[in-house]
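Student: I have a new structure open and would like to learn how to read it. Could you walk me through it?

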Amino acid sequence: MEKKQKNNFRPDYAEIIHECLWEYHISPAELVAMAEHGTDQEKFFLFRKILENSQDVLRSLNIFNVSDQKKMLLSYTPPKFNHHFL
């Protein structure tokens, strides 16, 4: 049985919701809207959840445009209790 190959650069919205936002009721459309048109606080919240919970961080972060990725990466400070793991 052949496994369907995933596009390594396109984020999997269902996977992001399952791995990072399991405690929230959010649809893929709402997820995309938050990443593309959300406030800076909403985007950073989503960024943190992906960075700290996703099994495929680099692919999942592609939900954001490149300028948002750069801005958030430069402003991110890992929490003290788990900075060794990130």
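**Reading the fold step by step**

Tutor: Let's start with the contacts in the protein chain between residues at least 6 apart in sequence: 56% of them join residues at least 24 apart. Keep in mind that this is a predicted model.

Student: Which secondary structure elements does the protein chain have, and in what order do they run?

Tutor: The protein chain has 5 helices and 0 strands. Read from the N terminus, the order is α-α-α-α-α.

Student: And how much of the protein chain counts as buried?

Tutor: For burial, the cut-off is a relative accessible area under 20%. Here 36% of the 86 residues count as buried.

Student: Let's turn to helix pairs. How do α1 and α2 lie relative to each other?

Tutor: The idea is to look at the angle between the two axes, where 65 to 115 degrees counts as roughly perpendicular. Helix α1 covers residues 13–20 and helix α2 residues 28–37; their axes cross at roughly 90° and come within 9 Å. So α1 and α2 are roughly perpendicular to each other.

Student: Which residues make that contact?

Tutor: From α1 you have Tyr13, Ile16 and Ile17, and from α2 there are Pro28, Leu31 and Val32. By class, the contact of α1 with α2 has 6 nonpolar residues, no polar and no charged.

Student: Can we zoom in on one of these, say Ile17? Is Ile17 buried or exposed?

Tutor: Ile17, which lies in helix α1, has a relative accessible area of 15%, so Ile17 is buried. Skipping residues up to four places away in sequence, Ile17 touches Trp22, Ile26, Ser27, Pro28 and Leu31. Check Ser54 as well: 37 residues separate Ile17 and Ser54 along the chain, while their C-alpha atoms are 9.4 Å apart.

Student: Next pair, then. How do α2 and α3 cross?

Tutor: Read the angle again: α2 and α3 have axes that cross at roughly 120° and come within 8 Å. That makes α2 and α3 oblique to each other. The crossing of α2 past α3 is left-handed.

Student: What residues meet there?

Tutor: On the α2 side look for Leu31, Met34, Ala35, Glu36 and His37, and on the α3 side for Glu42, Lys43 and Leu46. Sorted by class, the contact of α2 with α3 has 4 nonpolar, 1 polar and 3 charged residues.

Student: Where is Lys49, and is Lys49 buried or exposed?

Tutor: Lys49 sits in helix α3, residues 40–53. With a relative accessible area of 12%, Lys49 is buried. Leaving out neighbours within four places in sequence, Lys49 is in contact with Cys20, Leu21, Glu23, Tyr24 and Ser54.

Student: What about α3 and α5?

Tutor: Their axes come within 11 Å and cross at roughly 75°. So α3 is roughly perpendicular to α5. Asp40, Lys43, Phe44 and Phe47 of α3 make the contact with Asp68, Lys71, Met72, Leu73 and Ser75 of α5. That contact has 4 nonpolar, 1 polar and 4 charged residues.

Student: Now the rings. How many aromatic pairs does the structure hold?

Tutor: With ring pairs, you look at the distance between centres and the angle between planes. The structure holds 5 aromatic pairs. One of them is Tyr24 with Phe45, an edge-to-face pair at 5.7 Å centre to centre, with 85° between the planes. This pair joins distant parts of the chain, 21 residues apart: Tyr24 is in the loop between α1 and α2, and Phe45 is in helix α3. Tyr24 is partly exposed at a relative accessible area of 39%, and Phe45 is partly exposed at 27%.

Student: Why does the pair of Phe44 and Tyr76 count as tilted?

Tutor: The planes of Phe44 and Tyr76 stand at 50°, with ring centres 6.4 Å apart, so the pair is tilted. Phe44 is in helix α3 and Tyr76 is in the segment after α5 (66–75), 32 residues apart. Phe44 is partly exposed, with a relative accessible area of 23%, whereas Tyr76 counts as buried at 13% relative accessibility.

Student: Which residues do ring pairs link into a cluster?

Tutor: Look for Phe44, Phe47, Phe64 and Tyr76, which ring pairs link into a cluster.

Key. Residues numbered from 1 in each chain as written. Predicted model: local features only at pLDDT ≥ 70, side-chain atom pairs only at ≥ 80, totals over all residues. Heavy atoms only, no water. Axes fitted to C-alpha atoms, helices over the stretch in contact; angles between N-to-C directions. Helix = DSSP H or I, 4+ residues; strand = E, 2+ residues; numbered from the N terminus. Parallel < 35°, antiparallel > 145°, perpendicular 65-115°, else oblique. Contact = heavy atoms within 4.5 Å. Nonpolar A, V, L, I, M, F, W, Y, C, P; charged D, E, K, R; others polar. Buried < 20%, exposed > 50% of the residue type's maximum accessible area, 1.4 Å probe, protein only. Left-handed = near helix turned anticlockwise from the far one by under 90°. Phe/Tyr/Trp six-rings, centres within 6.5 Å; stacked < 30°, edge-to-face > 60°.
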